[in-house]
Amino acid sequence: MNEAPLVLVADDDEDIVALVRLRLERAGLAVVVARDGESALAAARERRPRVAVLDVSMPGLDGLEVVRRLRADEATRGTGLILLTANAQEADVQRGFDAGADVYLKKPFSPAELAARVEGLLQDSGGR
Amino acid sequence: MARLRPNLRTPTEVYAGVSVVLTAIYFALGHGSIAQSVVYDGIAVASGLAIVAGVALNRPARPLPWLLFAAGQLSFAIGDVIFDVYERLGGSPPTPSAADVFYLSGYPFIAAGLVLLIRGLGIERRLAGFVDAGIVSVAFALLQWVFLMDGPVHDQTRSVADRAVNAVAYPAGDIVLLAALAAFFITPAWRTPSYRWLAAALIMLLVADEIYGLSSDTYSSGDWVDAAYMLSYAFFAAAALHPSMRNLGVHRRQGRRRISAGRAAVLAGALLTAPAALLVQRLRGAPLDVFAVVSAAGATSLLVVARMTGIVRALEGIRVRERAARAEAEAARRQLAEQNERLREADRLKDEFVAMISHDLRTPLTSIMGFLELALDKETGPLNEEQRSYLEVVSRNSERLLRLVDDLLFAARLRSGGLELARQELDLGPIVRQACDESKPRASSHGVELVLDLAQAPPVLGDRGRLFQLLDNLISNGVKFTPEGGTVTVAVRPAGDRVALEVRDTGIGIPAAEEERLFERFFRASTAVDRQIPGTGLGLYIARAIVDAHEGTISVESEVGSGTTFRIELPAAVRAEQPAEELVR
């Protein structure tokens, strides 16, 4: 199949969602967006994206909880997970990795770097 | 040197010394000679005049008591002269004589002077002092009566006038003097030299009177008792001449009241007087005035009860005050704890606020900087040079804003939790190079040259991110405060068992007086403020925190107008194999 790999982007800030989506689409990826933790979880289960880019602080379920649940679910365990946070203390980073994130990016991040990280995760999860 | 100098320097000492010598000479002269009379009366008159001189010399706030002493002494002196005239004219003077008139009128003057001095001390407010004085006076009065007055007063062989003067007036005068002396004894003035001279003078006078009283019938001029009278005169004058006489009549707060051993002994002696007098008279087989002993013992008992009441009341007062003080201290402590709690809470809220603000600033900054990056990306589409240069200004300023937000958040975290380092062994060279590379665009847009001066140096045990932050901080400071055409040099070199890192600029400098405060939170050098160079005053605070966390030191050397050098020393990482290598060499 020659379909573009699907990436989930979840953030409660509209502009950031737009920014990430633009950059990822420019890189040739398909993007599905969510505005809170619940819908991010639902979209991940339904659409099975290869990578999810999640903001840590979202209304309802926060990014850390979404990561935990995705990792706990057999169906979504293999998703590449990137956490974005504006609150990048060492303790936060540790919590993110403990929850099961693959990449932790601090806001403000460079869109180019984010795209590179997504590509990297896509390559890791290669054949699937 | 001081020890070799004669001790007789002050007027008091000179006067007392000369008087003692004259007293000695007095007894070397012929018994009852004119020369003796001249010496004796000279000492007497000189005493009264010397007291007046002492008042003029020392200028006490209240001269009246001393002038009364002078009057009393002069009255005694006149009595002495008259007594001598009687003796010159033919033997012993009659009893009572004109001399007795002057002798007796001396006592009220001296007693009045003492009472005034004591009033000046504010002693009348202190019950304990008065009771003590009363106990001693009662005891002395009893002795006076039993051993001196009782016999002669009832001696029918003597004239009424003789009995009135010698058996009643003199001993009564002595009792008055002793009462005043005793009241004085219990004041804090006891420690002043002037008081001691005065007390010595009064004691001499009392001793002389007692001896004279017991042997008045056989007395003639030139007897040994004259020594006590002469010394009494001399000591009175010495007291008035001493500078400390100024403080004698002045009320001073007593630090703490205490009962000295001497005072306790005097009081015990006074209390034992009645039974002792009883015993002595009994052993002597002498008649005893039971009424006198009983009334003295009764008076003493009442005084002791008064004294004890005072003590108990004082103790209660102390206990009440202590309880109040303790309650007050407890209240103050509680208030302080509450205040501390409030302050801590306020501090916590403030740090939380700063963290929240900085978080909320990051989110819009993410969009600003992200979309800028997209806009400047060639893939987005061509921009003309002008548009590109505008967007680069926006980009530079968003980075500045981000740095500010980072600094604020970092400072807030430092305050609330301190700094945790992820340390590893690393070389400073590459970090310095990276920091310089990142600062290069800003430096060149400022027209400032960045120079690297890296020598081979041992690695340090450090947190890469924090050390980068430190260098970035210092370098951007250097660039910011250096005018166009200047240089910022970053040097790394070994310094013993440490690694030295220097950031030198040729900038505006920092006044020496401000160097101390430079690393304080929010402090900004006046040179920076005057030139309106933007900044938060957090950069060097953060720099020092990072250096401190690495167990290093940071110092500054600066001269206004010519530049500033920050020098950091970090301990070199200790390698286990290093000593061995050195041995091989």
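Reader: Which pattern does chain A follow when read along the sequence?

Author: This is a predicted model. In chain A the secondary structure comprises 5 helices and 5 strands. Read along the sequence, chain A has the pattern β-α-β-α-β-α-β-α-β-α.

Reader: What percentage of the contacts in chain A with a separation of 6 or more comes from residues 24 or more positions apart?

Author: Chain A has 128 residues, of which 38% count as buried. Among its contacts with a separation of 6 or more, the share from residues 24 or more positions apart is 62%.

Reader: Which element supplies the largest share of the side of chain B that touches chain A?

Author: The contact involves 15 residues of chain B and 17 residues of chain A. On the chain B side, helix H12 (290-376) and helix H13 (385-417) each supply at least two residues. The largest share, 11 residues, comes from H12(B).

Reader: How many residues on the side of chain B that touches chain A are nonpolar, polar and charged?

Author: Gly is counted with the polar residues in this division. The side of chain B that touches chain A then divides into 5 nonpolar, 5 polar and 5 charged.

Reader: What span does helix H4 of chain B reach from its first C-alpha to its last?

Author: Helix H4 of chain B covers residues 98-120, and its buried residues include B:Tyr103, B:Gly106 and B:Leu114. At 1.5 Å a residue, the expected value for its 23 residues is 33 Å. The span in the model is close to that, at 34 Å.

Definitions and conventions:
Residues are numbered from 1 along each chain as its sequence is written. Chains are lettered from A and ligands numbered from 1 in the order in which they are written. This is a predicted model: local features need pLDDT of at least 70, side-chain atom pairs count only at pLDDT 80 or more; totals for chains, interfaces and linings use all residues. Two residues are in contact if their C-beta atoms, placed from the backbone, lie within 7 Å. Helices (H or I, at least four residues) and strands (E, at least two) are DSSP runs, numbered from the N terminus. The expected span of a helix is 1.5 Å times one less than its number of residues. A residue is buried if 20 or more other C-beta atoms lie within 10 Å of its own, exposed if 12 or fewer, and partly exposed in between; C-beta atoms are placed from the backbone.
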